[in-house]
Amino acid sequence: MSLINDDLQDLLLNYCEPESELLQQIDRETNLKVLMPRMLSGHYQGRVLSMLSKMVSPDRILEIGTFTGYATLCLAEGLTNNGIIYTLDINVELEEMVRSSFSKSPYNDKIKYILGDATQTVNKLDEIFDIVFIDADKKNNGTYYDLIFDRVRPGGIIIVDNVLWSGKVLQEKQDKDTKNITSFNDKIAEDKRVEKLILPVRDGLFVIRKLG
């Protein structure tokens with residue numbers, strides 16, 4: 001999924017902060033036990049998410065798509081003392097693994113892990129968010145974006161993963177999944193309510209800042 005070669009990726013890792021032991025453990029366990037472990041954010045992208053969170057110093061974060069909790073913990077690193085991260089996922093099979101990892105984290109008390117259909121559970125959250133990270137089923141990126149937009153404060157950021165789709169967005173003939181990604185990217189490009197840029201990090205991160 002990385003858009004750069006392995007040698008350059010290794011160099012980037014040499015110049016960023018190291019992973020915690022817990023994050024290393026989550027990475028190993030995900031690769032050993034979970035289908036499609038490439039969905040994990042991983043070391044470099046995790047440090048990018050951590051840095052963005054620390055720059056914002058959020059009181060409230062929403063994550064749509066927990067997977068095994070790696071990105072959750074990276075985002076949580078920037079929370080204020082009274083901050084909370086809500087993370088939504090539909091995969092109950094991973095619940096035991098995820099809760100176990102969270103329980104070992106210093107951020108455990110700041111994490112609200114909610115299982116269910118995110119298009120439904122997000123409506124139960126009475127919060128205004130400083131950061132939203134969307135990394136779930138890609139066909140619903142636009143749906144999630146519309147659902148959360150009014151819940152993001154002016155100046156808050158929305159981060160969407162996998163928007164370069166292994167470079168397939170460059171292809172003239174696109175399969176259904178790639179068309180969904182391209183349609184979402186076009187939607188954001190045309191949205192005058194936000195500032196936006198795509199970071200070519202791993203599989204592409206769309207960073208979107210809501211205007212005042």
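Begin by selecting Glu29, which is located in helix 2 (helices are DSSP runs of H or I with at least four residues, strands are runs of E with at least two, and both are numbered from the N terminus). The model is predicted, so local features need pLDDT of at least 70 and side-chain atom pairs count only at pLDDT 80 or more, while totals for chains, interfaces and linings use all residues. Residues are numbered from 1 along each chain as its sequence is written, and side-chain values use heavy atoms, without hydrogens and water.

Glu29 has a relative accessible area of 18% and is therefore buried (under 20%, with a 1.4 Å probe and protein chains only). Next, display Val34 and Met97: beyond neighbours within four places in sequence, Glu29 is in contact with both (heavy atoms within 4.5 Å).

Now select Met39, Phe67, Asp135, Ala136 and Asp137, the closest to the centre of the largest pocket among its 41 lining residues. A pocket here is an open set of points on a 1 Å grid over the protein atoms alone, where a 1.4 Å probe fits, with protein on both sides within 12 Å along at least five of seven lines; lining residues have an atom within 4 Å of a point. Strand 1 (60–64), helix 4 (70–76), strand 2 (84–89) and helix 6 (118–121) each give two or more residues to this lining.

Finally, move to Gln9, Ser41, Gly42, His43 and Arg202, which lie nearest the centre of the second largest pocket, lined by 16 residues. Colour helix 1 (6–14), helix 2 (21–33) and helix 3 (42–56), each of which supplies at least two residues of that lining.

Notes: Buried means under 20% relative accessible area, exposed over 50%, partly exposed in between (1.4 Å probe, protein chains only).
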